[in-house]
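Thanks for making the time this morning. I would like to walk you through one structure, taking the boundary between its parts to begin with and then a few individual residues.

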Amino acid sequence: MTDSAVIVGAGVIGLATAYRLALDGLAVTVVDAAPGGTAGASEHNAGWIVPIMSTPVPAPGMLGQALRWMARRDSPLYVRPSPRPEHVRFMINMLRHCNPRDFASGVEALTSLNERTLQLFDEYDKDGVRFEHHRVGQLLVFTTRHTMEEYRSASAPMERISHTAIPLSGDELRDLEPALIRRVLTGLRCPQERHVDPASLVRGLEERCRELGVRFLHGSPVTGVRSNGRSVTSVLAAGEEVPGDLFVLAAGVRTGPLARLAGHALPIRPGKGYGFDDTSGSVTLRHSVYLGEAKVAVTPLSDRLRFAGTMEFGSSDAAIDPHRLRGIARSAHAYLPDFPAAAQPQGWTGLRPMTPDGLPVIGPLPGKDNVLVASGHSMLGVTLAPVTADIIAAEVAGGRRRADSAGTALPFSPRRFGVRRARSTADNRR
Ligand SMILES: Cc1cc2nc3c(=O)[nH]c(=O)nc-3n(C[C@H](O)[C@H](O)[C@H](O)COP(=O)(O)OP(=O)(O)OC[C@H]3O[C@@H](n4cnc5c(N)ncnc54)[C@H](O)[C@@H]3O)c2cc1C
């Protein structure tokens, strides 16, 4: 019988899961290393809810493109040369998934996973989770027709779940968003896609969790896991032993090391992103806009315009490379000419939890009967948070609910990485 759950990680995935389990009546404790709020990518991202863009990062041609961009310090995709064996192993594994067959099966799995995404966000609103939620739709804009066609064909499978991408001419796009430069030739309008202020979402989820009685231990990094055979009995966090019937590992890019503490290694590595917020008012947008060739996301929030982009493999800290930020600012000016060309934005970074096949890791950790993993959401953690929580809740509830979600959840099982036991003892500490 599962009465209590301990969630490690107060990012959007951990909070969505805590909320869902608390609604199901469990006594939930959330443990996070950060002194207040979340320290992860969940506050610093573009805030898009985009089933239409739910494709795996490893795509045919993706690493070839990264290699061509290696010499450019402001490129949107960058693989930092690093001799670290885990980085090399990860990149080789990712390269193996950059083929049409794996890409198509990944798209199919993510499409099914996204079937209820919008409905679940609507339920957040109805239940009183307070956050900034925009339903205006999204524009993907391009200066070349063939890039538009690539995105159009990648998004075609999402029509099955009623997410459509409607081709528009440059002039039709400028009718919707007059700030776009004349060089924008074509684009896609995706009316069902949404965006949120991601910081307001994590705040709103934490507030609602507290109303439901969830206990929060902030400033409490988990450094050890205590087990009894196949069951974890407690985690050790800042000197406190936190017991529970069930444990959910939702620690973003740190989920791999945590899983190792519980006895099973998982290949989750960081993909660093960059961004900045512009409050100057130089550009006004209504829709969220994807600057296609530059791979930059622009999000209009109530009091600012957020720019985000870049996928950098091989960096695992929050350090800012100013070249990458300036690259985003230059792209902004190239598509939105009123944005100043010489802008030197103060920015931020966020570490996306990446997997070699580009799919999240959701489900039971091999070797343990009461540990679940909810991580590896890459560029889609905000989009997929509510549905991830639903799958975890179904797993906990068992019976009919688990059976109903089993087909959708299968491609995301941690078991797909093989049963690789980490060096582990009954009482595993670092
Ligand atoms: C630039 C950028 C733009 C993005 N845009 C979008 C977007 O538009 N739409 C979208 O859907 N997704 C987007 N993403 C992806 C999204 O931000 C991530 O997938 C998501 O935030 C991951 O959430 P998480 O809860 O798994 O991890 P995190 O937010 O990283 O949270 C993990 C938490 O675990 C805690 N933790 C770590 N180790 C421990 C430990 N040992 N003990 C206790 N606590 C621990 C950390 O302190 C942290 O608070 C973007 C990401 C970036 C970087």
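This is a predicted model: local features need pLDDT of at least 70, side-chain atom pairs count only at pLDDT 80 or more; totals for chains, interfaces and linings use all residues.

The salt bridge is formed by D197 and R304, whose closest N and O atoms are 3.6 Å apart. On the side of domain 1 that touches domain 2, the residues divide by class into 14 nonpolar, eight polar and five charged. Polar contacts are also found across this boundary, the count being nine residue pairs, with both partners at pLDDT 80 or more.

Let me set that against the layout of the chain. The domain assignment gives domain 1 as 1-60 + 99-137 + 193-263 + 355-430, and domain 2 as 63-98 + 269-352. The C-alpha centres of the two domains, domain 1 and domain 2, lie 25 Å apart. How many residues of domain 1 are in contact with domain 2? There are 27 of them, and they meet 28 residues of domain 2. The area buried between domain 1 and domain 2 comes to about 2300 Å², and carbon and sulfur atoms give 63% of that.

I turn now to D245, which sits in the loop between strand 13 (240-243) and strand 14 (246-249). Is D245 buried, partly exposed or exposed? Its relative accessibility is 32%, and therefore D245 counts as partly exposed. If we leave aside the neighbours within four places in sequence, D245 is in contact with M1, T2, D3, S4 and N370. With D3 there is a polar approach, in that the backbone nitrogen of D3 lies 2.7 Å from a polar atom of the D245 side chain. As for N370, this residue is 125 residues away from D245 along the chain, and yet the C-alpha atoms of D245 and N370 are separated by 7.0 Å.

Finally, a word on backbone angles. Most residues other than glycine have a negative phi. S162, although not a glycine, has a positive phi of about 70°, and its place is in the loop between helix 6 (145-155) and strand 7 (166-169). S378 is likewise not a glycine and has a positive phi, here of about 55°, and S378 lies in the loop between strand 21 (371-375) and helix 11 (381-397). Because its relative accessibility is 11%, under the 20% cut-off, S378 counts as buried.

Definitions and conventions:
Residues are numbered from 1 along each chain as its sequence is written. Side-chain values use heavy atoms; hydrogens and water are left out. Domain bounds come from an automatic or database domain assignment. Contact means heavy atoms within 4.5 Å. Buried area is the accessible area (1.4 Å probe) that two parts lose on being put together, summed over both. A salt bridge is a side-chain nitrogen of Lys or Arg within 4 Å of a carboxyl oxygen of Asp or Glu. A polar contact is a pair of N or O atoms within 3.5 Å; within protein, one must be able to donate a hydrogen and the other to accept it, and residues adjacent in sequence count only if both atoms are side-chain atoms. Ala, Val, Leu, Ile, Met, Phe, Trp, Tyr, Cys and Pro count as nonpolar, Asp, Glu, Lys and Arg as charged, and the others, Gly among them, as polar. Helices (H or I, at least four residues) and strands (E, at least two) are DSSP runs, numbered from the N terminus. Buried means under 20% relative accessible area, exposed over 50%, partly exposed in between (1.4 Å probe, protein chains only).
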